[in-house]
Amino acid sequence: ESMFERTFDKSHCYFEEGSSLRNLLESGLEVVWFSDRHPDDIIYCICVNRETLTVTLVFRGQEGFTDLIKDSAMSQYSNPIGHADYEGNSEFINLRSAVSDEIMRVRRDTKKSTLYEISRKVDEIGRELADGGKYHLSVTGHSLGGGLATVAGFYLASDDSLELASALRVFTFSSSRVGCMAFHQGFKHLEETGRLQHARFTNSSDIISSLPMLDSYHHVGMQICLHKANNAGRQRIRQSLDVRYNKNGSRLKESYHFVMDIFSAMQVSRISEYQHRMHFAREYRLALGDGVLRFDKKRNRLKTLNNYYLMKCRLSDFMGLAKEKTWMPSFLVFFFVSCLISFEIALLFKFVATW
């Protein structure tokens, strides 16, 4: 055994327990593809977990609320599920230009769009990972990367050539609204037919998730609000996860919160703040599940994010998942894996930029 191998086997010991790097090393994740051909291109990476046969697509991206206010224009694209029969179906969908234009643009060098290249690379890696069989796929990103993950997740879930073992999962953090009502209805149709699930994490007082504040924009997926790690926030998390689905607040109320929270916008929307707030929720729920808090009455009512999704979205009538007994990796596992990847990639880019 070489010195390098011995050092690598003990590498997790060099990092603090509970840190992103420690968890990433212990998770068994491998970065197998990294795309950063040009600084102006969309930067993403593809990771795999050989144990769970999971492929995870991670988008890099960062933007402030001034960018969201300034860049609220929309671009029109054909609806990939326009042929399907569902309420609110439309031949075209409108997406926020700052998010969609680059990923949908046909490149001059390859004559293919970045989205098409991503789908082919993901499928190639997934089939190799599963030895020609089916694999699981999740997509994640923070800020602008979250918007890219939302758009990519929608189109990948619409791609019939991808033979996935379960619904495609999307995990976004501090993501803004990206699409119109037709996009919202198409997204909902994919959720109801068991092809797509979206956990959209927001911090309380994070104004990024309320932008753009235009009636033409609509959120998609299930929102999980993370509260401050103070006494009030901890008490709120102990009661239950703050989960909402398909609920758009009034623009007047959002405008009020925007004015009140604008000065803390940069701090609250940072990825480090998301990690800080999720750490307590994670530790508390793990303690309930492991029986450490054996006298906590909420232990018997512990639910996974998958349970919350089915409850809030009322998808059991469409999917028949209440009776289904086939194995599927936990939604919670996918969540933590994607969180770790997002945090680590953000740290990696920051390290490379200052090298």
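**Close-up views of a predicted model**

**View 1. Helix α7 is mostly covered, with ten of its twelve residues buried.** The model is a predicted one, in which local features need pLDDT of at least 70, side-chain atom pairs count only at pLDDT 80 or more, and totals for chains, interfaces and linings use all residues. Residues are numbered from 1 along each chain as its sequence is written, and side-chain values use heavy atoms, with hydrogens and water left out. Helices (H or I, at least four residues) and strands (E, at least two) are DSSP runs, numbered from the N terminus. Buried means under 20% relative accessible area, exposed over 50%, and partly exposed in between, with a 1.4 Å probe and protein chains only. The buried residues of α7 include A182, F183, F187 and L190. The expected span of a helix is 1.5 Å times one less than its number of residues. For the twelve residues of α7 (residues 181–192) this gives 16 Å, and the end C-alpha atoms are 16 Å apart, which agrees. Just after α7, G194 takes a positive phi of about 75°.

**View 2. F154 and F187 form a stacked aromatic pair.** Rings of Phe, Tyr and Trp (its six-membered ring) pair if their centres lie within 6.5 Å; planes under 30 degrees apart count as stacked, over 60 as edge-to-face and the rest as tilted. By this rule the count comes to six aromatic pairs. In the pair of F154 and F187, the centres are 6.2 Å apart and the planes stand at 10°. F154 lies in helix α6 (residues 144–157) and F187 in helix α7, so the pair ties together parts that are 33 residues apart in sequence. Both F154 and F187 are buried. Ring pairs also link F154, Y155, F183 and F187 into a cluster.

**View 3. The rings of F173 and F201 are stacked.** Their centres are 5.3 Å apart and their planes are at 15°. Because F173 lies in strand β7 (residues 168–173) and F201 in strand β8 (residues 196–203), this pair ties together parts that are 28 residues apart in sequence. F173 and F201 are both buried.

**View 4. The charged end of K112 sits over the ring of Y116, and R120 lies over the face of Y116.** A charge sits over a ring if NZ of Lys or CZ of Arg is within 6 Å of the ring centre and within 35 degrees of the ring normal. The distance to the ring centre is 5.0 Å for K112 and 5.7 Å for R120.

**View 5. The side chains of D159 and R120 meet in a salt bridge.** A salt bridge is a side-chain nitrogen of Lys or Arg within 4 Å of a carboxyl oxygen of Asp or Glu. The structure holds eight salt bridges. Between D159 and R120, the N to O distance is 2.9 Å. This pair links distant parts of the chain, with D159 in the loop between α6 and β7 and R120 in helix α5 (residues 114–129), 39 residues apart. D159 is partly exposed, at a relative accessible area of 21%, and R120 is partly exposed at 29%.

**View 6. Within helix α5, D123 and R127 form a salt bridge.** The closest N and O atoms are 2.8 Å apart. D123 and R127 are four residues apart and are therefore separated by about one helical turn. D123 counts as buried, at 7% relative accessibility, whereas R127 counts as partly exposed, at 30%.
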